[in-house]
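Have the picture open while you read, and pick out the places as they come up.

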Amino acid sequence: MNEDRKNGGAEIPQSPRPPVPQSDPSQPLEVQLGPLRLRNPIVAASGTFGYGLEFTDFVDLSRLGGLCTKGLSLEPHAGNVPPRICETPAGMLNAIGLQNVGIGVFLREKLPRLRELNATVIANVWGDAEEDYVTVVEALEDAEGLAAIELNISCPNVEKGGMLFGNSPQATASLVGRVRAATRRPLIVKLSPNAPDLVLSARAARESGADVLSLVNTFVGMAIDPETARPRLSFGTGGLSGPAIKPLAVRMVFQVARALPGVPLMGIGGISELADVLEFLAAGATAIQVGTANFKEPGVSGRLVEELGAWCAERRTPVAKLIGRAHRGDSSSLEAGAEG
Amino acid sequence: MLDLPGRVRPYLRRAYSVADADPESGEVEFLVRTIGPGTAGLEHLAAGSEAWLLGPLGNRFTLDGLSAGERVAVVAGGIGAAPFPLLFKALTRAGIAADFYLGGRNARDLSIASRFERVVPGEVVLATEDGSAGEKGFVTEVFRRRAERTRYARLFACGPMPMFAALATIAAALALPSQFSTEAAMGCGFGACLACVIPGVDKPFLISCTEGPILPPEKIAWERL
């Protein structure tokens, strides 16, 4: 049993995994994210990277640590009526509503092309009910060229499902347990920052079988037109993303890393520069996801791989050594501040 | 999509139609009306400053099926005239005549008209809602009255959605093939964010940035706008 499995305090049914290989000095950017070995820690975030294929003019997908697809459902989903986005200082609100092509089209038209491009593909999935998640995950089980499943239990922009699973530790545990039983693939659970207690949700997901936790999804926000006094988004509220949320996300990664040491984390929230990547790694993330910045600068994920490579080469440091640096000193005052 | 380096407000790039481009000199022209911090940033950009450009994106107006000697109509609402200098150039080259209908609330909205002097291969018709320039009334109505007695082979249009909705009805009544350059808030410009959707007839939503922005009005579900 691996060391990190003990941290939840219970016998955790994770996916079967090979013994963790030693870090390869010739591959200083490689990271071991639970059962997943990634070329590097830079992953494109779900909902901001299409199906990857939209970005081939800007990024060599095979150079990325991975990419998370647009949230996939059993059937195609139309999404919310426009307006769907609204800009905010240093970020944006969105209420796209999980528009996607459905797993049938994904498996037939998108995944084969991603495989040809040698992309590390993480299928982000969602549903209205537990049963839908299970059906989608089962349908993906035999697909060739999927590295992992990421469960979206944190979308704030749909009436059913989504964040409702992420906001209650009981609902999280029940859903993750059922999906865990349905797949042998590495299972990533994307948590909601809107949960009343993120550490409780993280523990529930982990103890129910999540191999990796992604944190965080967007923060529920709202913008109102000052003239008309009407919400700027047709859905009313939306999810806030972009540099505006970075300090909140860094705190949450730090907090979960502290509470659940050894649990592999992917940090997400406002990452657009190398310094942001280093900050999330220091906070305890093993890998990071680039989200909203993909809209502003479509080549950003490839640029960050290059910059991280150069940074590590200059310091002769493997990236694995950068993970959790902020926890190695006495940081108790930081944690008190966060909880106060 | 245009952006200024280091800018965080507004955060996203902005989509602008290419007004004109000269492959020889490498110059690209945009017609921009200042309405907020993003456009103000462009307005106050000093000559020689750096800007980020991603493009060209999406589809384009097409003259396919038109022949020399035919006549088309071009209808614009205010800054909606922005994509048309290049189209008028192409029409002129192809020997196709074009009447340009430019409308706005008042004379100030029509200040862009000066850009079209000696550009339009046909008549320029101005209309304002308050009558301060050109004919008084909606440009769509001015267009409809003339279109009923003119043999137009095609309608090209760009403006706000209410103008498009009115034009769609008029074009349908005249059985006039049309190309509308639609406007929707775009997050990325290349089909990833799915923000710029427009209700469709054959499917729930058309993605304006990749399936458009030029769309035939019969593909748009106007009643769901």
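Let's start in chain A, in the loop that runs between strand S11 (219-222) and strand S12 (237-241): that is where you'll find Ala229(A). Keep in mind that this is a predicted model. Most residues other than glycine have a negative phi.

Is Ala229(A) buried or exposed? Ala229(A) is exposed, with 7 other C-beta atoms within 10 Å; the cut-off for "exposed" is 12 or fewer.

Ala175(B) isn't a glycine either, yet its phi is positive, at about 50 degrees. Look for Ala175(B) in the loop between helix H4 (161-173) and strand S10 (178-181) of chain B. Ala175(B) is exposed, with 6 other C-beta atoms within 10 Å.

## Two cis bonds in chain B

While you're in chain B, check out two peptide bonds. Most peptide bonds are trans. The bond from Gly55(B) to Pro56(B), though, is cis, with omega near -5 degrees. Pro56(B) sits in the loop between strand S4 (52-53) and strand S5 (71-77) of chain B.

The bond from Gly212(B) to Pro213(B) is cis as well, and here omega is near 5 degrees. Where is Pro213(B)? Pro213(B) is in the loop between helix H5 (208-211) and strand S13 (214-215) of chain B.

The buried residues of H9(A) are Val300(A), Ser301(A), Leu304(A), Val305(A) and Leu308(A). Seen down the axis of H9(A), the buried residues fall within an arc of 140 degrees, so they line one face of the helix. An α-helix has 3.6 residues a turn, so residues three or four places apart point the same way.

Which exposed residues are on the face of H9(A) turned away from its buried side? They are Ala310(A), Ala313(A) and Glu314(A). Over on the buried side, the cover includes strand S3 (42-44), helix H7 (274-283), strand S14 (287-290) and helix H8 (293-296) of chain A. Just after H9(A) comes Arg316(A), with a positive phi of about 50 degrees.

## Helix H7, tucked inside

H7 is one of the elements covering the buried residues of H9(A). How many of the 10 residues of H7(A) are buried? The count is 7, so H7(A) is largely enclosed by the rest of the structure. Those buried residues are Asp276(A), Val277(A), Glu279(A), Phe280(A), Leu281(A), Ala282(A) and Ala283(A).

Their cover includes helix H6 (246-259), strand S13 (265-268), S14 and H9 of chain A. Just after H7(A), Gly284(A) takes a positive phi of about 125 degrees.

## Where the chains touch

Now look at where the two chains meet. Here 24 residues of chain A are in contact with 20 residues of chain B. On the chain A side, strand S5 (85-88), strand S6 (91-94) and H8 each supply at least two residues. What kinds of residues does chain A bring to this side? They divide into 12 nonpolar, 8 polar and 4 charged.

## The two chains as a whole

Time to zoom out. Chain A has 10 helices and 14 strands, and its C-alpha atoms fill a box of roughly 55 × 45 × 45 Å along the principal axes. With 340 residues, a compact globule would have a radius of gyration near 20 Å, and the 19 Å of chain A agrees. Buried residues make up 56% of chain A.

Chain B comes to 5 helices and 13 strands, in a box of roughly 55 × 40 × 40 Å. For its 225 residues, a compact globule would have a radius of gyration near 17 Å, and chain B, at 17 Å, agrees. In chain B, 40% of the residues are buried.

Conventions:
Residues are numbered from 1 along each chain as its sequence is written. Chains are lettered from A and ligands numbered from 1 in the order in which they are written. This is a predicted model: local features need pLDDT of at least 70, side-chain atom pairs count only at pLDDT 80 or more; totals for chains, interfaces and linings use all residues. A residue is buried if 20 or more other C-beta atoms lie within 10 Å of its own, exposed if 12 or fewer, and partly exposed in between; C-beta atoms are placed from the backbone. Helices (H or I, at least four residues) and strands (E, at least two) are DSSP runs, numbered from the N terminus. The arc is that of the directions from the helix axis to the C-beta atoms. Two residues are in contact if their C-beta atoms, placed from the backbone, lie within 7 Å. Ala, Val, Leu, Ile, Met, Phe, Trp, Tyr, Cys and Pro count as nonpolar, Asp, Glu, Lys and Arg as charged, and the others, Gly among them, as polar. The radius of gyration is taken over C-alpha atoms; the globule rule is 2.2 Å times the number of residues to the power 0.38.
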